[in-house]
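This briefing is meant for a reader who is meeting the structure for the first time. Please look over the sequence and the model below before turning to the notes.

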Amino acid sequence: MTPQERLKRAPLGYISHGHNIQLSSTHYNLNDEKSYTLIPNGGGYLMKIALGTPKVEFLALADTGSDLIWVQCQPCNTCIQQQSPLFDPSKSSSYQLITCPSSDCAQPDVTTSCASNDNYYSNYESSSLCAYEYSYGDHTQTNGVLATETLSLSSPDATSPSISSTSVFGCGTDNQGTLGSQDEGIVGLGTGPSSLISQLGPKINYKFSYCLAPLTSEVSSTLTFGADVTSPEVVLTPFQIGESSTFYHLTLGSENPVQIAVDMDVIIDSGTTLTMLPYNIYHDLREALVNAIGLNTVPSPLEDFDLCYNTGESGQFSPPDVVFQFQGADVVLMAINTFSQIEEDVSCLAMVATETSDSIPIFGNIAQVKFEVGYDLQAMQVSFAPADCSKY
């Protein structure tokens with residue numbers, strides 16, 4: 001991806017209506033929390049999953065802004081270039097296509113239809129297959145067939161069993177757009193029934209959290225299943241599920257420390273790099289930062305950024321904290337959350353105006369760095385706790 005694409009990646013799932021997925025039984029017991037590694041890659045964080053019997057490992061974007069789990073599959077009509085071989089379902093004994101008619105093919109968080117198998121797998125019998133399509137805010141698209149497969153997460157340590165379940169996933173045979181240099185698919189962590197969180201469900205107490213180290217640090221981050229955020233500094237805010245069954249909607253309060261009137265819902269999204277705000281709010285925040293920083297700006301090295309500073313002179317560049325006043329939870333963003341180093345001596349505001357007035361505001365992953373962010377789908381709340389994520 002280009003630097004612009006890395007910084008503006010915004011996966012937002014394409015939604016339609018239908019019936020809930022009926023899940024197959026899982027094959028493990030999760031008695032306490034289990035932690036896994038997230039790998040920084042361009043503008044997002046990758047998690048390792050294994051599909052099939054025998055297992056084949058893939059790196060996929062961990063994305064709270066979408067639901068579908070998918071990888072690129074053979075036979076592929078159009079696929080995005082990736083380093084490792086595509087998933088070959090013919091080599092897995094546990095792969096099972098979802099055929100029509102089937103209640104599994106009608107899902108509220110994925111656009112599906114019944115299609116002739118001639119379009120996908122000529123070696124299957126005449127029953128039609130469950131075709132899907134899914135698109136993202138950065139114009140990446142995946143099309144293919146839905147199937148069930150054994151999905152495993154590697155054991156966090158030698159003494160712990162790995163998580164393994166029979167899961168619904170998308171086998172993408174016609175894909176276009178952009179993936180990172182190591183990215184081989186996307187794991188949706190949203191609120192819809194096809195997300196990894198919903199499919200693991202009671203086995204992880206419907207809870208997960210992550211602690212993100214800066215993308216530029218080359219330090220691995222942590223994804224944890226099954227436990228609350230227990231820091232004494234934790235703050236909690238409720239989330240709502242809107243018209244879409246995918247997104248975690250957080251509510252911003254009426255004003256913030258720089259006296260900018262705000263009263264809106266914001267989607268928290270680990271798969272989007274930048275924070276995206278409505279133009280009027282972005283403009284007021286930008287103006288307040290310019291006045292508080294008090295230095296001359298420099299031209300942006302990238303097209304989409306308009307507030308950049310030379311940071312080469314030590315001690316001169318010192319942005320103020322910006323507080324996002326979510327309902328019941330003040331989240332204090334430091335310079336590492338609000339500015340991104342674009343070149344060696346140039347940092348730019350890691351927030352941009354939404355492209356249109358009706359675009360959904362997004363709280364991106366740079367803003368979430370150095371916080372442990374927890375999600376509880378039963379209590380319907382998100383928690384934030386300041387943390388040194390490089391030590392997790």
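The notes that follow begin with the whole chain and then move to individual places in it.

The structure shown is a predicted model. Its chain contains four helices and 25 strands, and of its 392 residues 55% are buried. Among the contacts in the chain with a separation of 6 or more, 70% are made by residues 24 or more positions apart.

**Annotated active site**

- In the UniProt record, which is an unreviewed entry, the annotation "active site" covers Asp-63 and Asp-269. These residues are spread over 207 residues of sequence and yet cluster in space, with a largest C-alpha distance of 6.8 Å.
- Asp-63 belongs to strand β3, which runs over residues 56–63, whereas Asp-269 sits in the loop between β15 (265–268) and β16 (275–277).
- Asp-63 counts as buried because its relative accessible area is 0%, a value that lies under the 20% cut-off for buried residues.
- Asp-269 is likewise counted as buried, because its relative accessibility is 0%.

**Cavities**

- The count of cavities of 30 Å³ or more comes to three, and the second largest cavity has a volume of about 40 Å³.
- The lining of the second largest cavity is formed by Leu-38, Tyr-45, Ala-62, Leu-189, Tyr-210, Leu-212, Leu-223 and Ser-270.
- When the residues of this lining are divided by type, seven are nonpolar, one is polar and none is charged.

**Asp-228 and its surroundings**

- Asp-228 is placed in the loop between β12 (221–225) and β13 (235–238), and with a relative accessible area of 44% this residue is partly exposed.
- Leaving aside residues up to four places away in sequence, Asp-228 touches Lys-207 and Asp-376, and the side chains of Asp-228 and Lys-207 are joined by a polar contact of 3.0 Å.
- Asp-228 and Ser-383 are 155 residues apart along the chain, while their C-alpha atoms are separated by 8.6 Å.

**His-249 in strand β14**

- His-249 is found in strand β14, which covers residues 249–251, and its relative accessible area of 14% is the reason why this residue counts as buried.
- Not counting residues up to four places away in sequence, the residues that His-249 touches are Pro-238, Phe-239, Gln-240, Ile-241, Gly-242, Asp-265, Val-266 and Ile-267.

**Cis peptide bonds**

- Thr-53 and Pro-54 are joined by a cis peptide bond with an omega of about 5 degrees, and Pro-54 is found in the loop between β2 (44–51) and β3.
- The peptide bond that runs from Gln-74 to Pro-75 is also cis, with omega near -10 degrees, and Pro-75 lies in the loop between β4 (69–72) and β5 (96–97).

**Positive phi angles outside glycine**

- His-139 is not a glycine, although its phi is positive at about 75 degrees, and this residue lies in the loop between β7 (129–135) and β8 (141–153).
- His-139 counts as exposed because its relative accessibility is 65%, which is over the 50% cut-off for exposed residues.
- Tyr-206, another residue other than glycine, has a positive phi near 55 degrees, and Tyr-206 lies in the loop between α2 (196–200) and β11 (207–211).
- At 26% relative accessibility, Tyr-206 counts as partly exposed, because this value falls between the cut-offs of 20% for buried and 50% for exposed.

- Met-334 has its place in the loop between β19 (329–333) and α4 (335–338), and with a relative accessibility of 40% Met-334 counts as partly exposed.
- Met-334 and Lys-370 are 36 residues apart in sequence, and the distance between them in space is 9.5 Å from C-alpha to C-alpha.

Definitions and conventions. Residues numbered from 1 in each chain as written. Predicted model: local features only at pLDDT ≥ 70, side-chain atom pairs only at ≥ 80, totals over all residues. Heavy atoms only, no water. Helix = DSSP H or I, 4+ residues; strand = E, 2+ residues; numbered from the N terminus. Buried < 20%, exposed > 50% of the residue type's maximum accessible area, 1.4 Å probe, protein only. Contact = heavy atoms within 4.5 Å. Polar contact = N/O pair within 3.5 Å; in protein donor to acceptor, adjacent residues only side chain to side chain. 1 Å grid on protein atoms, 1.4 Å probe; cavity = no way out; pocket = protein on both sides within 12 Å on 5 of 7 lines; lining within 4 Å. Points joined across faces, edges and corners; volume = space filled by probe spheres on them. Nonpolar A, V, L, I, M, F, W, Y, C, P; charged D, E, K, R; others polar. UniProt positions renumbered as here; feature names shortened; annotations may be inferred.
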